[in-house]
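Colleague: Could we go through the contacts in this model together? I would like to begin inside one chain and then turn to an interface between chains.

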Amino acid sequence: MSQARTGGGPLTASRPRHGERAVLALLWLCAAVSVVTTVGIVIVLFGEAASMFRIPGVSVIEFFTDTAWRPFTDPSSEQFRIGVLPLLNSTLLITALAMLVAIPLGLGSAVYLSEYAPPRVRKTIKPALETLAGIPTVVLGFFALTFMTPLLRSVFGAENVPIFNAASAGIVVGILIVPTIASIAEDAMTAVPRMLREGAYGLGASKRHVALRVVFPAALSGIVAAVILGFGRAIGETLIVSLAAGNLPPADLPAVNPFQQVQTMTAYIVQAVGGESPRGSVTFQAIFAVGALLFVVTFAMNLLAQRFVRRFREEY
Amino acid sequence: MIAGFAALALILAACGGGEDPATDEAPAPGEESSEGGSDGESQSGSIEIDGSSTVGPLTDAIAEEYASVQPDVIVNLGISGTGGGFERFCETGDIQISNASRPIAEDEVALCEENGIEYTEVRVGTDALTMVTSIDTDFVTCLTTEEIVSIWGPDGVSSWDQVNPEFPAEPLQVFAPGVDSGTYDFFNEVILEPSEIESPRQDFSASEDDNVIAQGVIGTPGSWGFFGFAYYQETQDQVRAIEFDGGEGCVAPSVETAQDDSYLLSRPLFIYVRNDALGEPLVADFVTYYLETVNDVIEDVGYVPATDDELAEAAATVEDAIAAAG
Amino acid sequence: MAISSPAKLSRQANDDLRSSPGRTAKESATHAVLLVSTAIAIAVLVVLAVDILSDGAGRLNLDFFTSYVSRFPEETGIRAGITGTLSLMVLVAITTFPLGVGAALYLEEFAPRNRFTRLLEVNINNLAGVPSVIYGLLGLSVFVYVIGFGRALISGGLTLTLLVLPIVIVSAREALRSVPREIRAGGLALGATPLQVAARQTLPAAMPGVLTGMILSLSRAIGETAPILVAGAIAFRRADNEPWHPFEAFTAIPIHIFDFVKRPQAEFQVEVAAAAIIVLMVLLLVMNSAAIVLRNRYSRI
């Protein structure tokens, strides 16, 4: 596309030509796909959830306040309880455990790879991390059950750690998202211009100072983005938790003991989707209600995190 | 990037004339080419099957053998669960055969009627649900229905001596299939329904994956659980099977006791076939082959063969249905 | 907004500039801690890899790739899953790349700084965190039922596309953002339009990071079981004619793994599943290596 500029006028870009306008419109459409996706998710989730609340005996208030989750019988029966708090509690417990593992390991690796590692080491480890991010979660689920659980049982005593517990799943979920956090955070740190580092070294700063007080803050927006993506992935993790954490919502809330069996929101979705309940029944429609809640929770987290990113963003 | 769009558009356009997927009528998917065939004729086309994850591996074993006889046939087999299978069978109508680990339910019958789908129920085998405990829990060898109710019922106890005063006071831990599985439904039907109990205890370790139940039972002294016979056969030296006394004495699960109906926790395995599909030579051939071959493969898969009488009866039903469908 | 005040900064700098016995210790300690965290992360994953290799390597022979699933562990192969996974990946790659890069370009280079754009950004960041199983439900409702593709390859592929698109956009944006402002300013100063600058200067400069995002997203998509399971992947398929047909039923390697892991026979759970995992990981390695080579070719800075 070569075209000589007509003289005069300020050095701002000329008005886009027709071809360019079309391209820009196409680009806009690409971005709009995301809106369509969200609208689709909202319609499907909330629409189906609404049809569940229309079933007599299922109340929205109970959904949010009741402390037991047993949507398996008829709503009129005594056993029926539809409180989502146990599921929510389980999800948050496991996610917290996962982040406890993933943030130090992930960010530590990122700082090491970007500031300390010699180029050859970096060239081998980085692709390794990227590849290992693709380990199927079903494999990690079995790893949690057959390796992590026995390990925890021998360390903490078999009487304290049941076969299905939140800690095994939480730790393995943390391990799962370490590559995600490390990779994106490391990209953000390597993107920090060399000039900043060189300036600091020129002033006699140590490597530690440069890494932790110059590069890290400079890359903060990318680092927080990495942590957000990791967090979101942890909250939504399905197979590891359903294999290793169990399918029993905790009875005493708030549940903070990591050595107990739990059932996360995603584990319930898997249980009900693969199960025998017909569409239209409370058990099945509850999938969408739980899914809608999951969606809202992640949305709220993201909003919070994005505010944080905007505050600390440094421009070059 | 424009190239990317163009490529995408081209590909979608080129393939847009592809198969018309199922809508709400009940079209027969896949193309067939042979006419009026029976065994021996070369078949081609595709068969769509879905349903129980218990029966799935059995149907797949048949498909595996069938592929060596009829290599041009494509068998697409899903395992969405018995309920999911019936939904596709009766409502969307996009499968010809539904695998089921329980008989079709009333509301599913109504659904099929609503959509004008007539079907034939074909019994293909038996599963002997087995109760198990960990290998060092040696004080329990047999349980009566009442004892099981005290373990599994809504007021499930937490210690073995509450099940039977002769047992030691060891803590009891329950592992079982999740509330959404056919196995769970069947167990409740046999154990709880006769005493008019609606649902079991709510605090057990549930899993959709029977291997996970096995892990739980093996690793926990004082455990109690149940799962399909195939899983017991594979873990025989790591768990202890519990005999069931349904009122006529303690009976251990085995091929023989399941076949002569003395083991009362055995459940029939079915395939349901659309009658109009039986009118197609491809499906008719496959189902006939199924019944001829099932007893050769079922023990490899881990279940109990249907008795010769049961199979003969099923074969006769199928023959009639094929003839009726023309 | 400064991270720390000038006074605090200079105090810190002075602390670090002063050579003190504490300083070298701090240095080594930090280095050690960081090295250990990287090592732990890699070590766990290496343990897993070794475990899988030792379990599955014995099963890897030509038959494993050319046979279909069987009731006998020794005769089982993942032929249907391999074609399925490859087809899904091609589908996902060709749809995600234009959509993702297009969206990232729009948001980073052309979008006016108004509320609507903010909404778009928030929306995309949010979508990156939606659990994969929810995309499965979306794909089932929209692609399988409403649009009517049925339980076909294209439904699974488009579901996975929606799943990974936000990740591609987010990391492509990070990559674009990291391109120094001077490059854009230089282009504009020479008289190019913003679109020309974006297409010819910024995007190529950001390509390494964009490709990283693509690698990560395809890595993610390749191992996902839940969304394609819900959106209609089947477990057993024997199709010699056109196994990759976009409007026919499909399966994938993760679905096979899921099935093997649930079977009663220990050989399936351990050895056959491990063999299937190895195949999947090798596929990933090949893809990643190809992308890294590409990335190195593009890299200029």
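This is a predicted model: local features need pLDDT of at least 70, side-chain atom pairs count only at pLDDT 80 or more; totals for chains, interfaces and linings use all residues.

Colleague: Which domains does the assignment give for chain C?

Modeller: The domain assignment divides chain C into domain 1, covering 13–59, and domain 2, covering 63–299. Taken over C-alpha atoms, their centres lie 30 Å apart.

Colleague: How many residues of each are in contact?

Modeller: Domain 1 of chain C contributes six residues, and these are in contact with 11 residues of domain 2 of chain C. About 680 Å² is buried between the two domains, with 70% of that area coming from carbon and sulfur atoms.

Colleague: Which residues of domain 1 lose the most area to domain 2?

Modeller: On the side of domain 1 of chain C, those residues are C:I52, C:D55 and C:R59, and together they account for 82% of what that side buries.

Colleague: What is the salt bridge count between these domains?

Modeller: There is one salt bridge between domain 1 and domain 2 of chain C. C:R59 forms a salt bridge with C:E271, where the closest N and O atoms are 2.7 Å apart. C:R59 is also among the residues of domain 1 that lose the most area to domain 2.

Colleague: And how many residue pairs are in polar contact there?

Modeller: The count is one residue pair, with both residues at pLDDT 80 or more. As for composition, the side of domain 1 of chain C that touches domain 2 has three nonpolar residues, one polar residue and two charged residues.

Colleague: Changing topic: how many residues does the contact take from chain A and from chain C?

Modeller: It takes 91 residues from chain A and 86 residues from chain C. The area buried between the two chains is about 8100 Å², and carbon and sulfur atoms give 71% of it.

Colleague: Which side chains meet in a salt bridge there?

Modeller: The rule finds one salt bridge across the interface of chain A and chain C. The side chains of C:E27 and A:R208 meet in a salt bridge, at 3.5 Å from N to O.

Colleague: Which helix gives the most to the side of chain A?

Modeller: That is helix α1 of chain A, residues 18–53, which gives 16 residues to the side touching chain C. The residues on that side of chain A comprise 52 nonpolar, 24 polar and 15 charged.

Key: Residues are numbered from 1 along each chain as its sequence is written. Chains are lettered from A and ligands numbered from 1 in the order in which they are written. Side-chain values use heavy atoms; hydrogens and water are left out. Domain bounds come from an automatic or database domain assignment. Contact means heavy atoms within 4.5 Å. Buried area is the accessible area (1.4 Å probe) that two parts lose on being put together, summed over both. A salt bridge is a side-chain nitrogen of Lys or Arg within 4 Å of a carboxyl oxygen of Asp or Glu. A polar contact is a pair of N or O atoms within 3.5 Å; within protein, one must be able to donate a hydrogen and the other to accept it, and residues adjacent in sequence count only if both atoms are side-chain atoms. Ala, Val, Leu, Ile, Met, Phe, Trp, Tyr, Cys and Pro count as nonpolar, Asp, Glu, Lys and Arg as charged, and the others, Gly among them, as polar. Helices (H or I, at least four residues) and strands (E, at least two) are DSSP runs, numbered from the N terminus.
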